[in-house]
Amino acid sequence: MMKFAIVLLLLAGCTLPPKKTIPVAVYDFGPPAPVEQHTPTSVDYSILLADIIVPVWLDNQTIAYRLAYHDPARIYAYANSRWAASPAKLLTQRFRHKLSTHTRNGIVSSRDGLKADYTLLIELEEFTQVFDQPEQSRAVIRLRASLIERSTRQLLAQNPFTIERNTPSADAAGAVATLISASDAMAAVLIDWLIEHLTLKASHGNQ
């Protein structure tokens with residue numbers, strides 16, 4: 001009798017429908033905006049934009065978030081959503097595209113093996129969604145940029161930058177949309193900062 005009951009249980013288990021797997025949503029930054037034919041402000045230097053440096057916890061494809069109202073030092077990750085590449089790689093690609101429209105002599109990477117006048121070094125410190133309340137969140141991007149003259153290895157300028165924007169929804173989709181728009185805003189801030197210092201450097205060199 002016991003053996004018969006075990007057989008029935010096994011047969012019942014075999015007839016159970018398989019569990020549905022939830023597909024993982026994969027995000028990149030989407031296509032960049034069309035390049036302007038005539039950029040109003042640009043520089044006559046070639047710039048090497050090094051691959052963005054990140055802490056270990058950001059060197060992956062997870063979409064990270066924090067619960068500021070509960071435990072702000074703890075990092076969480078969405079289970080069914082992720083980036084197509086690490087935030088550092090996506091940001092590097094986006095920044096290179098944006099910067100290329102503002103320099104007449106081009107943007108190069110460390111893999112190109114080409115000479116450049118200046119290096120822009122970026123260290124990404126935060127790229128997360130922060131929940132201040134369960135239904136209220138914001139996207140936070142924080143980084144430090146360093147401008148280095150390659151011929152002299154002189155540090156010309158260094159500055160921290162932070163951009164925060166409220167998300168339209170307190171979920172992964174809201175985080176992605178806002179982090180993308182905040183990344184483009186950060187690129188614009190970096191370009192203004194870069195042009196300011198390179199223009200100042202050029203004016204001093206002509207004196």
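Is F131 buried or exposed, and what is its relative accessibility? Please go on from there to the rings around Y65.

A: This is a predicted model. F131 counts as buried, because its relative accessibility is 6% and the cut-off for buried is under 20%.

F131 belongs to a cluster, joined by ring pairs, that also contains Y65, Y76 and Y78. A pair of aromatic rings is described by the distance of the centres and the angle of the planes. Across the model, eight aromatic pairs are counted. One of them is formed by Y65 and Y76, and it is stacked, with 5.3 Å centre to centre and 15° between the planes. Y65 is in strand β3 (residues 62-67) and Y76 is in strand β4 (residues 71-83), so this pair ties together parts that lie 11 residues apart in sequence. Both tyrosines are buried: the relative accessible area is 17% for Y65 and 16% for Y76.

Y65 also pairs with F131, here in an edge-to-face arrangement, at 5.6 Å centre to centre and with 75° between the planes. This pair links distant parts of the chain, since Y65 sits in strand β3 and F131 in strand β6 (residues 118-133), 66 residues apart. Y65 thus takes part in a stacked pair with Y76 and in an edge-to-face pair with F131.

A further ring contact involves a charge: R66 lies over the face of W57, at 5.1 Å from the ring centre.

Notes: Residues numbered from 1 in each chain as written. Predicted model: local features only at pLDDT ≥ 70, side-chain atom pairs only at ≥ 80, totals over all residues. Heavy atoms only, no water. Phe/Tyr/Trp six-rings, centres within 6.5 Å; stacked < 30°, edge-to-face > 60°. Helix = DSSP H or I, 4+ residues; strand = E, 2+ residues; numbered from the N terminus. Buried < 20%, exposed > 50% of the residue type's maximum accessible area, 1.4 Å probe, protein only. Lys NZ or Arg CZ within 6 Å of the ring centre and 35° of its normal.
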